[in-house]
Amino acid sequence: MNTTRYMFSISTSIMTPAKMVPCTPELLNAALDDVRVAETCQTIARHLEEVKKGTLARKDFNDLKNKLKADNLPVVCFHAAFSDGYRHNESAVPSGLSIYDVDHLTIDPRAYYHTKVAGREVELGISFAHISPSNEGVRLVFEMPKGMSLAEAQQWMADQLEDETYDGSVKDMARCSFVVCRDYVLYYDEEELFAEREVSVPENPVTVVTNDSHYSAPILPAETDYESSFNGIGYDLIVRALEEVLGGVPAQGARNNFIFAMACYLRYVCNDDAQWIAQVMPRYGEEEAKFHATLRSACNRPQTKTVPDIMNRALERAREQQLVKEAIEANGVHASQPPVMPEKLTKFMKLITKNVPTHLKPAVAMGIFPALGAHCKGVKFRYNDNALVEPTFMNVLVAEMSSGKSCVNEPINAIMADIKERDAKNRKLMQEYKEQYDTCPADEQKPERPKGLTVQWVKSDMTPAAFVQLMADAGGRFLYTRMDEIGMLNQLKTNGKGNNVTEILRLAFDCGEYGQERVGTKSVSECVEVRWNWNASTTPGKCRRFFGDAMLDGTLSRMSFATIYTDDDRMPVYGLYDDQFQKQVQAFITSLNDAKGLVLCRKANALVAQMIEENRQYAALADDDTYRELSYRATLSAFKRGMVLYLMNGQKWCKEIEDFVRWSFHYDMWCKMWIFGEKMRRAMELDKAVMLPGRRNLMEFLNDSFSLDDLNTVRRAQGMKGDGSAQLRKWVSRGYCTFNPQTQQYTKSAQFIDKHPKQAA
């Protein structure tokens with residue numbers, strides 16, 4: 001046995017190269033009371049509640065939790081201090097303390113502690129106990145019984161607590177624990193925790209012997225608190241990138257050499273720690289004992305001071321993939337379900353969605369904007385490109401049959417109540433005029449059409465002439481239509497020969513000019529700016545078929561889409577849409593009716609500028625042309641929604657509006673990519689393929705000596721998909737080039753150069 005006296009250690013971060021320093025009561029107490037630590041624990045607890053409610057996936061929670069811990073929490077290594085200040089077993093000086101983790105409890109951690117541990121702290125040698133940062137476990141810090149190893153001490157504690165599920169896995173000396181907030185502390189005997197103690201360390205490490213071999217090796221930890229990323233790059237991405245740089249996953253006969261090479265490079269980002277490498281690196285089918293032996297051999301090899309080029313290349317690849325991953329996660333378009341609507345909403349949005357179940361609120365929140373925009377006359381907003389835009393909205397609710405698509409009807413009725421009342425009066429006057437006109441004798445002066453008989457809420461079943469006339473009568477106000485099925489749009493056509501209603505839809509978004517010239521005295525001859533907002537609903541299949549020919553003409557990008565997502569098949573229960581509700585809604589509508597002229601909001605434009613840049617980066621990183629094309633007008637539509645809410649909020653910008661604008665953009669994009677994404681991609685690829693000239697001899701674009709990567713670069717430039725390996729095999733077999741396996745280079749043959757002098761030049 002070796003004996004020594006030493007304290008344990010603490011560091012401000014788990015991220016390398018943060019140094020470990022001897023822990024003092026002052027340092028530990030300061031960490032426990034750190035505001036950042038408290039906020040991080042609270043944030044993790046909130047995310048855990050989302051998991052319990054079913055609004056956050058467990059995997060996503062674990063990723064968030066690990067990132068929050070790594071980024072914000074200090075760490076303590078209760079097992080040891082380190083003679084060189086860096087956390088690895090070679091310089092570890094044992095403290096005589098051990099930690100015992102109880103993870104993934106199904107009961108409240110406090111209940112576990114008070115049932116099994118409370119009152120036995122002195123008996124068990126416990127000097128510090130706290131709830132784990134995940135809020136799902138308990139950690140005990142206790143003095144190791146003399147002569148025991150870490151594994152034996154932890155097994156001893158498991159026996160004392162009668163934890164039969166404990167597996168006896170040892171935690172290594174360099175293992176550290178994240179600091180938690182003071183509220184999570186269950187027991188703290190400061191004097192005992194920081195007491196000097198004699199430490200007895202067994203000279204021989206605990207070993208494990210496999211059934212397949214007589215080889216013995218120190219047991220490595222099954223689970224540790226190593227950070228999950230290096231400089232913000234996930235280790236899973238680093239490993240994948242390093243695999244690619246080293247030529248891909250090895251065949252069975254080459255896996256040991258491959259594991260050794262991988263470990264030699266990974267130690268540059270894993271603190272030269274075999275246990276750490278074992279946690280992040282796949283086994284590649286190798287038996288466990290041999291795998292660990294190979295890792296230790298790699299870590300015992302002399303290490304250069306500079307990071308090798310291969311590792312730098314792998315890190316660069318992984319960093320690019322990390323950016324893509326972060327962009328995709330932030331974007332959410334590839335998630336299995338649509339983005340969750342913000343909990344905090346503006347007063348109006350809270351009111352208008354209060355009578356529907358939670359899973360229907362997004363459909364209502366997106367579906368009301370065409371009706372809101374119909375109340376704005378002469379209102380313009382200045383977009384970031386300095387264009388003046390108006391609150392034009394076209395919303396399609398896409399969901400399965402009997403899913404509750406009618407949930408938007410009552411909220412829209414409440415919003416449109418004032419317009420509907422005015423329309424009824426004007427329709428009556430219009431009918432009286434028609435009757436007077438028809439009954440007037442032919443030889444008498446026919447009455448003139450009344451001026452200012454605005455009717456805004458109109459049916460979709462109207463002729464182009466009626467559409468133009470109603471638009472002219474509206475005098476700059478918006479027409480509004482609600483359709484129970486998207487196919488009803490076909491009732492309005494720009495002519496009687498075919499279905500090109502999408503032309504009007506595109507004009508409606510841009511307030512473009514539309515009209516007709518007729519020579520008849522009774523015919524409508526008008527040219528108007530199209531202001532027409534509408535709602536429609538349909539099922540996914542019908543929606544794809546209806547817009548099947550409009551993938552690339554800009555129609556889809558001008559609309560907003562919503563859906564209904566739920567696993568609950570129970571009948572939804574709605575609140576009451578009574579007179580009081582209608583009065584409350586109309587009180588907000590007044591601000592839209594009163595708004596006039598140009599309305600500016602710098603904060604809205606600043607938000608849009610951020611979103612445009614985020615979308616640009618995502619589209620570039622993900623190389624997604626479909627997303628890029630759809631995002632332009634989706635951002636503009638989100639801006640318009642924000643400006644309408646801004647008007648209804650007394651022209652005061654707030655975080656609730658900002659959060660809603662961001663959510664509505666991502667929600668709209670999720671729906672579009674879900675409904676049309678793959679179909680649009682195919683259409684865009686076909687459109688590009690039509691533009692490509694006839695294929696040329698690819699050898700023309702290659703040097704006399706070239707690699708597979710060079711050929712693949714040429715193939716991509718020519719619009720070709722896939723890898724060029726098969727093509728190279730054909731070239732070699734036909735004598736066009738030769739291959740050197742040592743240099744991995746291909747060389748054009750003399751026969752080919754003689755036959756194709758111009759192409760090879």
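Reader: Why is Glu613 called partly exposed?

Author: Glu613 has a relative accessibility of 33%. Buried means under 20% relative accessible area, exposed means over 50%, and partly exposed is the range in between (1.4 Å probe, protein chains only). The value of 33% therefore places Glu613 in the partly exposed class. This is a predicted model, in which local features need pLDDT of at least 70 and side-chain atom pairs count only at pLDDT 80 or more, while totals for chains, interfaces and linings use all residues. Residues are numbered from 1 along each chain as its sequence is written, and side-chain values use heavy atoms, with hydrogens and water left out.

Reader: Why does Arg616 count as exposed?

Author: Arg616 has a relative accessibility of 51%, and the class of exposed residues begins over 50%. Arg616 is therefore exposed.

Reader: What makes the pair of Arg616 and Glu613 a salt bridge?

Author: The term requires a side-chain nitrogen of Lys or Arg within 4 Å of a carboxyl oxygen of Asp or Glu. The N to O distance between Arg616 and Glu613 is 2.6 Å, so the pair meets the criterion. Both residues lie in helix 23 (residues 602–622), 3 residues apart, about one turn of the helix. Helices (H or I, at least four residues) and strands (E, at least two) are DSSP runs, numbered from the N terminus. Elsewhere, salt bridges with shared partners connect Lys380, Glu390, Glu529 and Arg531 in one network.

Reader: Why can the salt bridge of Asp101 and Arg139 be said to tie together separate parts of the sequence?

Author: The closest N and O atoms of Asp101 and Arg139 are 2.7 Å apart. Asp101 belongs to strand 7 (residues 97–102) and Arg139 to strand 9 (residues 138–143), so the bridge joins parts 38 residues apart in sequence. Asp101, at 16% relative accessibility, is buried, and Arg139, at 5%, is buried as well.

Reader: What makes the salt bridge of Arg182 and Asp33 a link between distant parts of the chain?

Author: In this salt bridge the closest N and O atoms of Arg182 and Asp33 are 2.9 Å apart. The two residues stand 149 residues apart: Arg182 is in the loop between strand 10 (177–178) and strand 11 (185–188), and Asp33 is in the loop between helix 1 (25–32) and helix 2 (35–53). Arg182 is partly exposed at 32%, and Asp33 is partly exposed at 47%. The structure holds 23 salt bridges.

Reader: How do you know that strand 20 is largely enclosed?

Author: Strand 20 (residues 479–483) has 4 of its 5 residues buried, so the rest of the structure largely encloses it.

Reader: Why are strand 26 and strand 27 called edge strands of their sheet?

Author: The open sheet contains 3 strands in the order 26-28-27, paired antiparallel. Strand 26 (705–706) and strand 27 (737–740) each have a single partner strand, so one side of each has no neighbour in the sheet. Strand 26 is joined to strand 28 (residues 745–748) by 2 bridges, and Ser705 has Thr747 as its bridge partner in strand 28.

Reader: What is meant by a nonpolar core, and how many residues has the largest one?

Author: A nonpolar core is a set of buried Ala, Val, Leu, Ile, Met, Phe, Trp, Tyr and Cys residues joined through side-chain atoms within 4.5 Å. The largest has 109 residues, and Leu372, Phe467, Trp532, Trp534 and Phe561 have the most contacts inside it. Helix 25 (residues 655–691) gives the most to this core, with 13 residues. A second, separate core has 34 residues, including Val239, Ala263, Val280 and Met281.

Notes
Pairing = 2+ DSSP bridges.
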